[in-house]
Amino acid sequence: MSETDLENLTDERLAELSQGGDEKARDELVTRYHPRVRAIARSFFRSHADLDDFIQEGLLGLLKAIETYDGEKGAFRPYSNTCVRNKIIDYQKKMKYGRIDYVPIDTIEDVTDEDPDINPEERALYEEKRREFRKKLKKILSSYEYSVMIPYLAGDSKSDIAGRLCRDVKSVDNAVTRSYAKMGKHYSND
């Protein structure tokens, strides 16, 4: 099967082919989901040194999802998101983070209007959680930190954010660091 053919297949079909030993199908799924894994990992990491480790663990979770996916039990995307998150959480436990100073931002950008795997009730719950989360962020972050963190948590790069806000990348990086410190302190006190 050519790469073009693989690009046109659903995630569910690619997982099925991968379970049958098709490495190209597995590679296509990993390529498709790498940005998603990165976004999920960002929602958990505490410092720049940790991000690569969290992404690596997330990718291991994605590979497990590909291996264990059962198409009869639902869509691949929500299943893979759960596997990625669970693997990252397991990693955190193994690293013995004594207290919770990461921010579980797993619902902030999970649901999009185009996501066919989410029913209207789930979409409404996610939207409510997103609103609550953003409301909390507005209370604990400065307006600049908030304007940096919302797109950053959605997966935008620091350089893209800096360009949009007409700031330098170091300023954005500092805002991210301050924001994580504030959010970690806030959430560990909840």
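**Helix contacts and charged pairs**

Let's start at Arg-26, which is partly exposed, with a relative accessible area of 29%. Keep in mind as you look around that this is a predicted model. The side chain of Arg-26 meets that of Asp-27 in a salt bridge, with N and O 3.0 Å apart. Asp-27 is partly exposed too, at 37% relative accessibility. In general, side chains of opposite charge can pair when their charged atoms come close.

Now step back to the helices here. Two packed helices are described by the angle between their axes and the distance between those axes. The axes of helix H2 (residues 11-19) and helix H3 (residues 23-42) come within 8 Å and cross at roughly 140 degrees. The crossing of H2 and H3 is left-handed. On the H2 side, the contact is made by Asp-11, Leu-14, Ala-15, Leu-17 and Ser-18, and H3 brings Ala-25, Arg-26, Glu-28, Leu-29, Arg-32 and Tyr-33. Sorted by class, that contact has six nonpolar residues, four charged ones and one polar one. Have a look at Asp-11, Glu-28 and Arg-32 as well: a network of salt bridges links them.

How many salt bridges does a search of the whole structure find? The count is eight. Let's visit a couple further along the chain. Glu-145 forms a salt bridge with Arg-178, and their closest N and O atoms are 2.8 Å apart. Glu-145 lies in helix H7 (residues 143-153) and Arg-178 in helix H9, so this pair ties together parts that are 33 residues apart in sequence. Are the two partners buried or exposed? Glu-145 counts as buried, at 2% relative accessibility, while Arg-178 is partly exposed at 38%.

Asp-173 forms a salt bridge with Lys-158, this time with the closest N and O atoms 2.5 Å apart. Here too the pair links distant parts of the chain: Asp-173 sits in helix H9 and Lys-158 in helix H8, 15 residues apart. Asp-173 is buried, with a relative accessible area of 16%, and Lys-158 is buried as well, at 15%.

One last stop is Cys-166, in the loop between helix H8 (158-165) and helix H9 (169-189). Its phi is near 55 degrees, a positive value in a residue other than glycine. Cys-166 is exposed, with a relative accessible area of 70%.

Definitions and conventions. Residues numbered from 1 in each chain as written. Predicted model: local features only at pLDDT ≥ 70, side-chain atom pairs only at ≥ 80, totals over all residues. Heavy atoms only, no water. Axes fitted to C-alpha atoms, helices over the stretch in contact; angles between N-to-C directions. Helix = DSSP H or I, 4+ residues; strand = E, 2+ residues; numbered from the N terminus. Left-handed = near helix turned anticlockwise from the far one by under 90°. Contact = heavy atoms within 4.5 Å. Nonpolar A, V, L, I, M, F, W, Y, C, P; charged D, E, K, R; others polar. Buried < 20%, exposed > 50% of the residue type's maximum accessible area, 1.4 Å probe, protein only. Salt bridge = Lys/Arg side-chain N within 4 Å of Asp/Glu carboxyl O.
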